[in-house]
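Dear colleague,

Please find below the structure that I am handing over to you, followed by a summary of what was found in it.

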Amino acid sequence: MADARAAGATHPAAAAAARAAATAARDSHAQIVATLIRVTGDWTLAEDCAQEALVQALRRWPAGGVPANPAGWLMAVARNRATDVLRRAAVERRKLRELAALAPTEEAPPAGEEEVVDDRLRLIFTCCHPALALDARVALTLRTICGIPTADIARAFLVTESTMTRRLTRAKSKIADARIPYRVPSGPALAERLPGVLGVLYLLFTRGYDAGGEPAFADEAIRLARLLESLLPGQPEIPALLALFLFQHSRREARRDAAGDLVPLDRQDRRRWDHAAIAEGLALLGRVREDGPYALQARIASVHATAASVEATDWPAVAGWYDALAARAPSPVVALNRAVAHGYAYGPEAGLALLAEARSGGALDGYSLALAAEADLTARRGDRARAAALFRRAAEQTHADAERRALLDRAAELS
Amino acid sequence: MKYMMFVCTDTEPDTDQSPEPDIEAWVADNDARGRRLDGHELAPVSAATTVRVRAGEVLVSDGPFAETKEMIVGFDLLECADLAEAVEVARTHPMARNGRIELRPFADLG
């Protein structure tokens, strides 16, 4: 946050207060926005009031000190602001009454209080509603739940800020016009909707994790997965997804070299992996009793995360989890990765046979990673010249610079 | 005979400058004759949601079922003796000139 940095340049105490404000605002943003949306039904008003509360905190905390309950303070300021705006607009008395009933003191509600918990979940399920376009769901989640500035979201989506503003406005209009309910589905409907919510989180994570992505989005995805995990117990795919995120995120320091290029798994310095994140992922996964698609992906990632080296990897275990994943959630990319795993577990011939099978549908045509996998298996079979040619062809097909350089390096090593 | 009358936009409306029929009068007249049973204007396509079930899975998506320039903006449920009467009702609707009207008889489940 620019304001926090500006304040920090001059007074250490003021900087500490500004940091406290930024942290409290980040932690309570979803709760404030979610509650105000429920009461007022006005998404923009809710976001503006949460923002206003942060501005007030940055102005008043450096001089007056950080309040004992920062989250409660912010909620109270946001609520008062909403009351003022609505009163000025002279709107319905019912909304004002509900606002008045909302946390009248500056005390935070007790942890785990039903209504507050519900509000954040309601917000998540509404932002991730399938009646919104997929990109709109991700953008709305970032803006409304995470409080990411529209300009930052626009940059990640490679559009102008005004285009992103329009897209967010359209999504909010659709919610109002189509009467998308502000509700957490229950019973069978929850099971039906949860994969869609987790899919948005997954997309959010990959937006932060992919080459050229916004690294902060991966952190937001993890924060949201933690929030879901605490709010919706008994849904095994949530801890499974969180574990998957943690395993992938544990490699963030090791997966780029000094030039910013992608370092493949087999060449990463495993001492630089975040072992605390790995331990947390393993603990989460240990509690999952029923394996859905995310649990299976997390189990695959956990085998890599606990191996001391590529050679020490339990490849038959990886291949076995891929067999289960291919049966449970078949896709061309899963079939490709399964072939690679079998290649390491049972030799390049086994891998090439499964790769040919995976490619037979044509879905992997023009996919650089399929060619790269064939090149790698061919190299390990001993056919270096053919492998080098395949790596070069794979390099021609990729659009990512770092990936192209990595593939050309492999080709050069073999020639 | 029941007809579902879809009121749609059209990219090439009529350019005739003669006064447009009044929608309120059209509704009142056809209601009085008992040939308009129900009907309403619809919210814009931006509020549309499409629902499908495939292999037991519910697929809900944003937008109308078909991405076309023309869109359904309203409907009327008609009770007419035959298509001739339904066309008579449709041709006097203002959107027959500004857009187009589609008449769909109820399927005969005899």
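For what follows, two residues are taken to be in contact if their C-beta atoms, placed from the backbone, lie within 7 Å. Please bear in mind that this is a predicted model.

On that criterion, eight residues of chain B are in contact with ten residues of chain A. On the chain B side, strand β4 (residues 57-62) gives the most, with four residues. By class, the side of chain B that touches chain A comprises four nonpolar, three polar and one charged residues.

Chain B also contains an open sheet of four strands, in the order β2-β5-β1-β6, with antiparallel pairing. Its edge strands are β2 and β6 (99-105), each of which pairs on one side only. From one strand to the next, the twist averages 15°.

Within this sheet, β1(B) (residues 2-9) and β5(B) (residues 72-79) are joined by seven bridges, and B:M5 stands opposite B:D76 in β5(B). Strand β2 (residues 36-41) of chain B pairs with β5(B) over five bridges. In β5(B), B:L78 is the bridge partner of B:R36, while B:G74 stands opposite B:E41.

Helix α2 (residues 83-91) of chain B lies across β1, β5 and β6 of that chain and runs at about 155° to β6(B).

As for chain A, an unreviewed UniProt entry lists residues 29-89 as "domain: RNA polymerase sigma-70 region". This span of chain A is 87% helix and 0% strand, and its end C-alpha atoms lie 24 Å apart.

Yours sincerely

Technical notes. Residues numbered from 1 in each chain as written. Chains lettered and ligands numbered in written order. Predicted model: local features only at pLDDT ≥ 70, side-chain atom pairs only at ≥ 80, totals over all residues. Helix = DSSP H or I, 4+ residues; strand = E, 2+ residues; numbered from the N terminus. Nonpolar A, V, L, I, M, F, W, Y, C, P; charged D, E, K, R; others polar. Pairing = 2+ DSSP bridges. UniProt positions renumbered as here; feature names shortened; annotations may be inferred. Axes fitted to C-alpha atoms, helices over the stretch in contact; angles between N-to-C directions.
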